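Biologist: Hello! I am new to reading structures; could you walk me through this one, a feature at a time?
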Amino acid sequence: MNKIFFILLFFSLGISASPEEDLDVFRDHFKSRFPNTGFSDYKNGVYSVDPSSREQWESIEEFPPYEINIEQGEELFNAPFKNGNKYASCFENKGIGIRQNYPYFDEDTNQVMTLELAINKCRKKNGEKPLSYYKGGPMADISAYMAYTSRGNIINIEIPDNEKAFEAYEDGKKLYFSKKGQLNFSCADCHIWQSGTKLRADITSPGIGHSTHFPVYRSGIGRLVTLHERFAGCLNRIRAKPYKAQKDEYRNLEYFITYMSNGLEINGPGYRK
Amino acid sequence: MVAEANRENIMSTIKIKAKERKGSVTVRALVTHPMETGQRINKKTGEKIPAHFVQEVTCKANGEEVINVYWGPAVSKNPYLTFVYEGSKGDTIELSWLDNQGNRDSNKATVK
Amino acid sequence: MNRRKFIKKSLMTVAALGTFSALLIKPKRVYAAWPKASFAITDLSKSINSVYGHNDLSETTKVKLKAPDIAESGASVPINVKTSLKNVESIMLFVENNPQPLSSGFMLSAKAKPIIGTRIKMGQTSKVIAAVKSNGKVYSASKEVKVTIGGCGG
């Protein structure tokens with residue numbers, strides 16, 4: 001019954017629910033699916049719904065490997081560009097404690113601005129080459145440091161009263177619910193309908209809280225992974241062709257899923273299997 | 001990668017946290033190291049990535065050796081170590097490691 | 001020194017260099033170099049033998065081995081060992097089904113308490129054994145840790 005209501009709401013003919021209504025439906029769904037999980041705990045992803053892996057994660061969190069990345073990120077963040085400027089000059093509050101404000105809809109350029117894109121934009125502005133969004137490295141380290149300084153801050157994405165902004169949100173939402181790849185899965189399949197169930201050896205995390213803890217240190221590969229690299233990873237796994245990091249599709253998707261994480265606090269960088 | 005102990009501008013590969021409580025000091029250390037087993041294959045070249053892992057970790061408290069640890073390649077990447085010894089706040093902990101390729105590093109911390 | 005004594009002494013030194021058994025003859029605080037031979041052994045009982053010179057491990061509830069029932073990630077399994085036994089000289093961790101069962105060894109000084117922890121790689125479901133040497137005797141505790149592979153985790 002709940003599923004039918006959900007589907008109707010998201011694909012209703014001509015009647016578009018507002019983002020606020022979408023958010024209510026999302027939250028209600030997870031409240032009834034995971035009655036034992038407190039709202040604020042969703043920032044911990046799969047660990048908010050699986051006690052066994054949570055215990056191991058808590059053990060790792062006593063001294064998580066991403067602490068190395070935070071330190072490296074801090075050094076990189078504070079190192080001046082060749083022209084003498086620093087990253088701090090590109091961000092409000094000198095770039096400290098601001099991650100919860102991303103992504104936002106930039107009304108000047110009419111597109112979604114993510115933190116990682118802003119980091120590279122800052123570099124370009126200061127005559128530096130862009131950093132790769134893949135395979136960890138300095139981009140992930142800087143992103144980790146900026147997430148770390150923002151820990152505890154609550155996500156409160158506001159979609160401006162702007163048709164283009166709403167379109168970006170809807171675009172992200174559509175991608176989230178569209179079936180893709182040879183396995184014909186949508187994000188919603190694993191993270192809404194079947195969230196908290198086994199997908200071979202994995203337990204799928206709930207769809208609210210994804211944005212709070214990136215970038216993530218993946219123990220299997222022993223390094224940080226940015227959100228867009230993770231999107232690509234998911235698409236690869238369902239045998240779909242991934243989109244490119246920081247292009248429209250993933251930025252809009254990030255916009256949608258971060259809005260769905262409104263009310264949760266930033267707790268990145270995170271650690272996962 | 002050969003790291004010298006505590007050279008300026010070079011971040012140590014060893015992070016140490018040491019806390020005293022009721023006469024026991026709990027030391028937690030995280031080492032930045034690939035811990036390559038020597039069995040993984042480089043997908044581009046088809047060759048095995050050479051073994052590169054920390055073999056020994058030694059910890060001293062106020063100059064006296066407290067524990068000596070032997071690690072094999074089956075210890076996780078960016079390896080972690082925790083142990084407890086009888087000590088006091090203000091103790092100087094010195095942790096050093098040596099890997100199979102002859103690299104070493106060391107770092108100090110004060111017990112809180 | 002006559003030739004026979006010299007050869008005997010050299011052979012003893014050679015034998016002593018590769019294995020942990022050498023540690024049994026030496027005073028507690030003098031640690032031998034990294035025991036290459038022990039870390040290379042692929043069979044569990046031979047591995048234990050190379051460390052202690054025997055396979056007599058007494059299972060006891062006095063050794064507490066903390067390991068997950070199902071490892072979330074075989075790349076990093078948190079393991080903790082503590083014991084109420086006294087005069088513990090060493091704590092060794094063996095993973096039965098790993099290519100080389102000996103994963104790590106913790107040689108304790110008199111000041112060290114018998115409480116250790118680390119994170120290990122496990123290739124497949126396996127018994128994990130914590131061996132504690134106390135007052136010359138070797139005690140142990142073991143636990144089967146399941147390792148699953150495959151999924152969407154990326």
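Modeller: Happy to! Let us begin with a pair of strands: strand 2 and strand 4 (residues 77-83) of chain C pair in the antiparallel sense, over four bridges. Bear in mind that this is a predicted model.

Biologist: Which residue stands opposite Val63(C) in strand 4 of chain C?

Modeller: Thr83(C) is the residue opposite Val63(C). As a general idea, strands of a sheet pair through backbone hydrogen bonds, either parallel or antiparallel.

Biologist: In what order do the six strands of the open sheet come?

Modeller: Reading across, the order is 1(B)-2(B)-5(B)-7(C)-4(C)-2(C), with antiparallel pairing. Strand 1 (14-21) of chain B and strand 2 (63-66) of chain C stand at the edges; each has a single partner strand, so one side of each lacks a neighbour in the sheet. From one strand to the next, the twist averages 15 degrees.

Biologist: Over how many bridges do strand 5 of chain B and strand 7 of chain C pair?

Modeller: Strand 5 (residues 80-86) of chain B pairs with strand 7 of chain C over five bridges, in the antiparallel sense. To find one of them on the screen, look for Phe83(B), whose bridge partner in strand 7 of chain C is Ile116(C).

Biologist: How many residues of chain C and of chain B take part in the contact?

Modeller: Chain C gives 27 residues and chain B gives 22. On the side of chain C that touches chain B, strand 6 (102-108) and strand 7 (112-120) of chain C each supply at least two residues. Strand 7 of chain C has the largest share of that side, with eight residues. By class, the side of chain C that touches chain B has 14 nonpolar, nine polar and four charged residues.

Biologist: And what does the secondary structure of chain B come to?

Modeller: Chain B has zero helices and seven strands, so its elements from the N terminus on read β-β-β-β-β-β-β. The C-alpha trace of chain B spans about 55 × 30 × 20 Å along its principal axes. Of its 112 residues, 46% count as buried. Among contacts in chain B with a separation of 6 or more, 55% are between residues 24 or more positions apart.

Biologist: Let us turn to chain A. How many of its residues are in contact with chain C?

Modeller: 20 residues of chain A are in contact with 15 residues of chain C. The elements giving two or more residues to this side of chain A are helix 3 (51-60) and helix 9 (227-237) of chain A. Helix 3 of chain A gives the most, with six residues. The side of chain A that touches chain C divides into five nonpolar, eight polar and seven charged residues.

Biologist: Now for helix packing. At roughly what angle do the axes of helix 7 and helix 10 of chain A cross?

Modeller: The axes of helix 7 (residues 163-177) and helix 10 (residues 248-259) of chain A cross at roughly 90 degrees and come within 7 Å. Angles of 65 to 115 degrees count as roughly perpendicular, and these two helices of chain A are therefore roughly perpendicular to each other. The residues that meet include Ala168(A) and Tyr169(A) in helix 7 of chain A, and Leu253(A) and Phe256(A) in helix 10 of chain A. This contact has nine nonpolar, two polar and three charged residues.

Biologist: At roughly what angle do the axes of helix 4 and helix 6 of chain A cross?

Modeller: The axes of helix 4 and helix 6 (residues 137-149) of chain A cross at roughly 95 degrees, coming within 7 Å. That makes helix 4 of chain A roughly perpendicular to helix 6 of chain A. Among the residues that meet are Ile70(A) and Phe77(A) in helix 4 of chain A, and Ile142(A) and Tyr145(A) in helix 6 of chain A. Here the classes are ten nonpolar, three polar and two charged residues.

Biologist: Can we finish with a single residue? Where is Gly97(A) found?

Modeller: Gly97(A) is in the loop between helix 4 (66-78) and strand 1 (104-106) of chain A. To judge burial, we count C-beta neighbours: 20 or more within 10 Å is buried, and 12 or fewer is exposed. Gly97(A) has 17 inside 10 Å, so Gly97(A) counts as partly exposed. Leaving aside neighbours within four places in sequence, Gly97(A) is in contact with Thr149(A), Ser150(A) and Asn153(A). From C-alpha to C-alpha, Gly97(A) and Tyr145(A) are 9.8 Å apart in space, and they are 48 residues apart in sequence.

Key: Residues numbered from 1 in each chain as written. Chains lettered and ligands numbered in written order. Predicted model: local features only at pLDDT ≥ 70, side-chain atom pairs only at ≥ 80, totals over all residues. Contact = placed C-beta atoms within 7 Å. Nonpolar A, V, L, I, M, F, W, Y, C, P; charged D, E, K, R; others polar. Axes fitted to C-alpha atoms, helices over the stretch in contact; angles between N-to-C directions. Parallel < 35°, antiparallel > 145°, perpendicular 65-115°, else oblique. Pairing = 2+ DSSP bridges.
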